Amino acid sequence: MADLRVNVAGVEFKNPVIPASGAFGYGREYEAFYPLSKLGGLSIKGTTLEPRQGNPGPRVAETPSGMLNSVGLQNGGLEKFLSYELPNLVTKDTRIIANIAGATIEDCAELAGRLNGTAVDMIELNISCPNVKHGGAAFGTSCESASAITAAVRKASDKPLMVKLSPNVTSIADIAKAVEAEGADAVSLINTLLGMRIDIKTGRPILKNNVGGLSGPAVFPVAVRMVWQVANAVKIPVMGMGGISTWEDAVEMMMAGASAIQIGAALFSNPYAPVEIIDGLNKYCDDNNIKCISDIVGTVKPW
Ligand code: SIN
């Protein structure tokens, strides 16, 4: 068996496979399929200071090889996470990444500060949600605002800080460099690509929010390209995500420069995707005489 451990910003994960925020809840439903201890870690549903109902429906639509969502950060709020979800998660022997989001810089700094001293292993600051009017992608689409929110959260938090980046920008590498300069310990990418579908019978958008975030295999090549560009632009580690559904995708994403990977939309059609990917990575390493999975990170040989 190969060594699947990876280290991201000083946090050791037992393997590089992590269900992505918003696709796995807090793991409760998935425990019917396998113990959460099999996973490298999990990133919780984006958590805000106060509970949120999210956007009105319909807020999910199918697309060729993917899906659109406009959930709008529905979640139970920080208090519920701390009192109900976190005490359960700490018993699961896996790393806990707290994905946080807020409408203002102050909200995000307060969220981060209130996670100090808890069992959370890492913060994933979401500056890239395309589905909310305030906050979300508003922070992630300019270097100035990305820098400002990263600096404030860095100051408030004593946890390793990973910033989740938006692909809906001209240069994601520039945003990555901006957050690195303000003390981010890692970046994760890509969040969803802004998309739209229209019901041709009614002439109305399928999503009540009109637009939403595209994920799933359709976005995978875009995600690989962006992970490769960012990994070459920054010194901090990169967590890669966007359309990964097989172990082959995971290898490709790691060769592009991802130290670990997150699985999102694939979970909705195959809840076993993370454990199948872990098994596939093990076999791939054994078949290719690779001792440590981290040896393949960034090994792509560009022409
Ligand atoms: C959502 O809740 O709208 C999705 C979160 C995100 O895309 O960041």
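Which polar backbone atom is 2.7 Å from an oxygen atom of the ligand? I looked this up and found one of Gly72, and I noted that a polar backbone atom of Leu73 is also 2.7 Å from an oxygen atom of the ligand. For Asn191 I found a polar side-chain atom 2.9 Å from an oxygen atom of the ligand; I take a polar contact as a pair of N or O atoms within 3.5 Å. The protein covers 91% of the 260 Å² of accessible area that the ligand has on its own, by the Shrake-Rupley method with a 1.4 Å probe.

I note that this is a predicted model, in which local features need pLDDT of at least 70 and side-chain atom pairs count only at pLDDT 80 or more, while totals for chains, interfaces and linings use all residues. Residues are numbered from 1 along each chain as its sequence is written, and side-chain values use heavy atoms, with hydrogens and water left out.

Next I listed what surrounds the ligand, counting a residue if one of its heavy atoms lies within 4 Å: Lys45, Asn69, Val71, Gly72, Leu73, Asn126, Cys129, Pro130, Asn131 and Asn191. By class I recorded four nonpolar, five polar and one charged residues in this shell, with Gly counted as polar and Cys and Pro as nonpolar.

Last, I searched the whole structure for cavities (sets of points on a 1 Å grid over the protein atoms alone where a 1.4 Å probe fits but cannot get out), and I found one of 30 Å³ or more. Its lining consists of Gly216, Pro217, Gly243, Ile244, Ser245, Gly264, Ala265 and Ala266, where a lining residue has an atom within 4 Å of a point. I classed this lining as four nonpolar, four polar and no charged residues.

Methods. A polar contact is a pair of N or O atoms within 3.5 Å; within protein, one must be able to donate a hydrogen and the other to accept it, and residues adjacent in sequence count only if both atoms are side-chain atoms. On a 1 Å grid over the protein atoms alone, a cavity is a set of points where a 1.4 Å probe fits but cannot get out, and a pocket is an open set with protein on both sides within 12 Å along at least five of seven lines; lining residues have an atom within 4 Å of a point. Grid points are joined across faces, edges and corners, and a volume is the space filled by probe spheres set on the points.
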